[in-house]
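Visitor: I'd like to learn how to read charged pairs and surface patches in a model. Can you walk me through it?

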Amino acid sequence: MVTAYDYEKFKSAVLTLTKIDLNAYKEKQMKRRIDSLIAKNGVKGYEPYVQLLKTNKEKFEEFINFLTINVSEFYRNPDQWKLLESQIIPELITKFGKNLKIWSAACSTGDEPYSLVMALSRHIPLSQIHITATDLDKQVIAKAKVGLYSAKSIAAVPEDLKKKYFTKIGLSYQISNEIKSRVEFKEHNLLDNNYAKGYHMIVCRNVLIYFTEEAKDEVFRKFYSSLAPGGILFIGSTEQIINYRDIGYNRKNSFYYERPKN
């Protein structure tokens with residue numbers, strides 16, 4: 001029988017191995033996912049599974065991939081992207097000019113940063129666009145760099161952009177190098193303290209819903225510190241910052257928050 005103590009030791013071992021703090025995730029949900037993966041691998045318990053992770057690189061990568069939530073698509077929640085194109089981007093250009101510093105955090109397979117490039121291209125020449133995109137998972141970053149997507153993933157992309165920037169290959173769609181070249185992918189753990197500063201916009205959508213309230217609060221505060229005064233945080237439609245006033249944000253609507261200029 002697996003005890004709570006076993007799982008506590010497992011969390012500590014995972015932190016040492018991966019720098020991922022499982023205490024920051026909702027425990028029932030995360031433990032259920034991990035137990036399912038352990039059972040799938042035919043391993044009897046947490047301790048032998050930790051030994052497997054230490055000795056088998058493929059299983060280690062599988063574990064990281066399994067922990068991270070990689071459900072993504074281009075222009076997810078299209079109304080939010082319409083507001084981005086029609087209002088938020090023009091406001092940012094007015095404040096900061098066209099050389100915008102933008103971070104797509106927890107970018108998954110690249111759908112989001114590539115959507116950002118296309119949205120920005122309505123207002124800014126592609127040659128001036130640069131997005132920093134980060135994720136914890138090496139495997140999804142590798143997929144993002146390839147840039148091959150299903151018809152379902154790109155369904156919400158505006159038709160003119162779809163025709164301009166995607167090439168059909170079999171049943172899949174390849175995004176153009178014009179768009180890919182505007183995104184720089186890096187590994188980053190949102191639970192680390194290493195956050196760069198001076199961003200004009202940070203996009204982090206539909207990821208923090210899996211975090212505990214304490215971890216969410218910590219990340220939203222770090223994002224605030226990473227934004228330049230006047231910068232914007234763009235979050236998912238299922239998320240909200242309950243204590244945004246305490247942190248210092250102005251709420252523009254339910255999914256856009258601003259760090260005030262003063």
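Guide: Start with the naming: helices (H or I, at least four residues) and strands (E, at least two) are DSSP runs, numbered from the N terminus. This is a predicted model, where local features need pLDDT of at least 70, side-chain atom pairs count only at pLDDT 80 or more, and totals for chains, interfaces and linings use all residues. Residues are numbered from 1 along each chain as its sequence is written, and side-chain values use heavy atoms, with hydrogens and water left out.

Visitor: How many salt bridges does the structure hold?

Guide: A salt bridge here is a side-chain nitrogen of Lys or Arg within 4 Å of a carboxyl oxygen of Asp or Glu. The structure has 15 of them. In one case, E159 pairs with K162, with the closest N and O atoms 3.3 Å apart.

Visitor: How are E159 and K162 placed in helix α8?

Guide: They sit three residues apart in helix α8 (residues 159–165), so about one helical turn separates them.

Visitor: Which parts does the salt bridge between K252 and E91 tie together?

Guide: The closest N and O atoms of K252 and E91 are 3.1 Å apart. K252 lies in strand β9 (residues 250–253) and E91 in helix α5 (residues 78–96), so the pair ties together parts 161 residues apart in sequence. K252 is partly exposed at 31%, and E91 is partly exposed at 27%.

Visitor: And what does K95 in helix α5 pair with?

Guide: K95 meets E258 in a salt bridge, 2.5 Å from N to O. E258 is in strand β10 (residues 256–258), so this pair links distant parts of the chain, 163 residues apart. E258 is buried at 14% relative accessibility, while K95 is partly exposed at 26%.

Visitor: Which residues are linked in a network of salt bridges?

Guide: E8, K11 and E27 are linked that way.

Visitor: Which residues form a nonpolar patch on the surface?

Guide: Patches are made of residues with over 30% relative accessible area and no salt bridge; like charges are joined within 9 Å, nonpolar side chains (Val, Leu, Ile, Met, Phe, Trp, Tyr) within 5 Å. Here V146, L148 and I169 form one, with about 250 Å² of accessible area together. V146 belongs to helix α7 (residues 138–146) and is partly exposed at 46%.

Terms used. Accessible areas come from the Shrake-Rupley method with a 1.4 Å probe; for residues, only the protein chains shown count as cover. Buried means under 20% relative accessible area, exposed over 50%, partly exposed in between (1.4 Å probe, protein chains only).
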